Amino acid sequence: MAKPGPPLDRARENFDRNMNRSQQDGASAGPKWRDILQNRLSWLIGSVVALVAGVSAFIGNLDSLTSRAKTYLDERAYVAQLTNPYPTLLDRDVVAGWSSGQVQLALYQIDGYHGLLKTAPTWVKVCLTSPDIFGDLANHQFNERTALPEGYVDEQNRQILQQRLDQIDNDQIEDAATLRINDPFSKLLTRSRYQLLAKYKDSELPQLDKAELYLLRNAIYARHGYPFNTAKLSKYANRMGWSRPTRKPVSPVESCNAFFLQELHPAQELGSLGRGVLIRDAALTGPANYVRPAICACLGQPSRHVDCQQHAGSSDKADFHSFVDLIIDLETGPVNQVEWTFLNDNDIVGADLDTFKANEERFYASALDFNVAIQNVLKTAGQDLSTAEDKRGPYWKLRLMLSPQTLAALAQRPGLSSSLAQNVCDSVHRGFEAAGPFIPRTDAPPSMPDPDNPVLEINDKPIEFEALRIKLTQEYIKKHYGIALKSIELAPDSIKMLVVHRSDTSSVASFIESVRKSILPGTQEFEDDETADVNMSTHYVIGPKGNIYSLMKDFQIARHSIGLDRSSIGITVVGTSADALSDKQAIATAMLIRYLKRKYGEVTWLVSDKEIGGFQNSPLWEERLPFTIDPRRHPGATFMAQLRSYVADLKFESAPNPPPLASASADAADGNPESPARPPQLK
């Protein structure tokens with residue numbers, strides 16, 4: 001083959017050079033476009049991330065702004081609902097008549113409104129937010145969220161009030177009432193009328209023990225005639241002469257003092273302090289007469305503060321029920337002997353029976369301690385002490401008989417009289433400390449509430465009606481009637497009906513026992529079981545002999561009549577379904593009905609347990625759930641006819657007027673009138 005010439009070589013070289021350049025250009029083009037794409041993609045991803053971050057930040061800022069706006073609006077709404085308790089200038093002439101307690105409360109009100117009491121003691125807030133003290137203002141005058149600036153009026157009012165406080169202190173205006181009172185308890189009780197006791201927290205109040213603080217708190221209410229559910233406080237108020245048919249209002253200063261004392265010592269101390277003992281020694285003569293005064297002087301010491309009664313009332317039963325917690329008779333006899341009378345279960349108020357029975361041994365132990373203390377004194381005189389058989393009655397009582405030899409020894413040896421008195425005093429004090437908290441209320445003598453009918457007597461036999469029963473009653477009304485109640489007290493004009501039931505028991509005691517406890521038997525398996533239901537109850541019970549018993553206040557809701565509990569008073573006549581109710585029961589029921597009609601003028605209907613079903617779908621009917629009517633609770637047509645004849649002049653109705661439509665349903669109360677009728681199931 002011929003060797004190429006120069007032209008051919010040059011052409012080949014040009015060809016090879018161009019080919020190599022193309023390959024190089026192609027090799028470099030690939031990475032360049034990839035870099036561009038990667039850069040673009042990275043920028044795009046970065047932009048998206050930045051956008052997402054921006055959106056997130058925007059949303060976060062928006063949430064923050066929304067939250068701040070909501071907080072601001074809530075704050076403004078909260079401030080807007082506040083009410084300045086003193087928006088205008090106070091009248092200096094009016095303030096000049098205020099006590100220091102009133103002035104201090106006004107200053108608390110001003111500070112509370114401006115948000116200056118966030119760290120104040122709890123009792124101050126409770127006081128300022130109590131509707132019983134400040135009415136509607138209580139919900140709008142205490143500011144615990146934001147500080148508000150004081151205006152000119154606020155500053156001037158504060159100055160007026162402070163000047164009044166300075167005047168009271170400088171002129172010692174409030175000191176005259178307590179100058180001659182040495183007892184710290186009595187002095188503080190007097191001051192509680194017009195001063196806030198918090199100012200004495202570090203001075204006089206430490207002089208009182210826990211029991212005295214408890215008694216002081218309750219004495220504030222007792223002196224205004226407020227009734228108590230504890231025997232100790234009720235008797236204390238009676239001895240002080242504070243009990244009255246109607247109670248007087250407690251002032252704001254006194255109420256706030258009670259809140260303060262409650263915070264200072266919330267526990268209930270029911271030892272010897274404030275209790276009373278009746279000591280009679282009419283049978284003792286000569287130097288032995290010094291024993292009773294010595295005992296009373298010892299019991300009256302501030303550390304014991306037991307009231308010693310000398311003059312007996314109408315009977316031991318009445319004295320123990322209303323005034324004292326122990327009765328001591330000092331008598332003469334052939335031998336030295338003690339005889340104890342312990343409380344009979346049948347005379348104890350049903351609401352206190354369980355607590356008493358659980359602690360009954362304390363009374364026996366206290367009696368034994370007393371016997372030993374007396375025996376130790378008599379031994380020093382060479383005398384013995386015997387014990388008589390115990391008795392049962394409506395009171396706790398000691399009968400101490402002293403022989404002529406012992407009386408002669410007391411006359412010859414004054415130290416023996418002093419030792420006897422001291423030992424009796426110490427034993428009584430120890431007995432009240434141990435058994436005092438469990439001294440129960442006893443049945444009161446029959447009351448005669450109707451001045452127009454002096455024959456009508458009502459015996460008080462209260463069942464348990466404490467916080468638990470109130471709570472369960474509220475839950476029952478909510479479940480069955482769909483109504484949330486703050487109070488279970490009935491307004492007088494809401495009581496429209498009297499419902500007569502039969503107890504289906506053979507005795508008053510067995511019926512009262514069946515309704516005495518707050519929880520319906522069988523509805524609570526465990527102590528903290530929230531499914532427990534409120535027990536059945538009734539307001540009045542008529543015994544076989546015509547005795548009338550009151551089990552609860554007749555203006556409180558009782559669970560006794562399906563669908564009508566909030567508009568009716570229950571009267572239960574004792575007897576089984578096989579018993580014929582007596583004429584005495586009919587007469588007693590009629591007298592009670594006349595009394596209740598005069599007391600509650602809006603009462604229109606008198607019905608039996610069986611007749612309540614006829615009110616279904618009437619305006620009075622409130623039951624929303626299926627129900628049954630027990631025919632054993634019906635007092636009987638004969639009894640109801642006899643009863644209605646005795647009160648015919650009162651013109652009671654026995655059925656709704658106009659009668660409810662037969663096609664109406666119990667579901668109408670739920671706003672569902674088209675539901676099928678659901679008549680009561682008779683079993």
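Select Trp 340 to start. This model is predicted. Trp 340 is buried, with a relative accessible area of 4%. The cut-off for buried is under 20%, so Trp 340 falls on the buried side.

At 3% relative accessibility, Phe 370 counts as buried. How do the rings of Trp 340 and Phe 370 sit, edge-to-face or stacked? Their centres are 5.7 Å apart and their planes stand at 90°, so the pair is edge-to-face. Trp 340 belongs to strand β4 (residues 337–343), and Phe 370 belongs to helix α14 (residues 360–380). The two are 30 residues apart, and their pair links distant parts of the chain.

Next, the wider search. The whole structure holds 13 aromatic pairs. One of them is Trp 123 with Phe 260, and this pair is edge-to-face. Its centres are 5.5 Å apart, with 65° between the planes. Look at where the partners lie. Trp 123 is in helix α4 (residues 122–128) and Phe 260 is in helix α10 (residues 252–264), so the pair ties together parts that are 137 residues apart in sequence.

Select Arg 145 and Tyr 78. The charged end of Arg 145 sits over the ring of Tyr 78, 4.3 Å from the ring centre. Then select Lys 235 and Phe 320. Here the charged end of Lys 235 sits over the ring of Phe 320, with 3.9 Å to the ring centre.

Last stop: Arg 441. Find it in the loop between α16 (414–435) and β8 (458–460). Is Arg 441 buried or exposed? Its relative accessibility is 18%, so Arg 441 counts as buried, the cut-off being under 20%. Show its side chain together with that of Asp 352. A polar contact of 2.9 Å joins the two side chains. Now select what surrounds Arg 441.

How values were computed:
Residues numbered from 1 in each chain as written. Predicted model: local features only at pLDDT ≥ 70, side-chain atom pairs only at ≥ 80, totals over all residues. Heavy atoms only, no water. Helix = DSSP H or I, 4+ residues; strand = E, 2+ residues; numbered from the N terminus. Buried < 20%, exposed > 50% of the residue type's maximum accessible area, 1.4 Å probe, protein only. Polar contact = N/O pair within 3.5 Å; in protein donor to acceptor, adjacent residues only side chain to side chain. Phe/Tyr/Trp six-rings, centres within 6.5 Å; stacked < 30°, edge-to-face > 60°. Lys NZ or Arg CZ within 6 Å of the ring centre and 35° of its normal.
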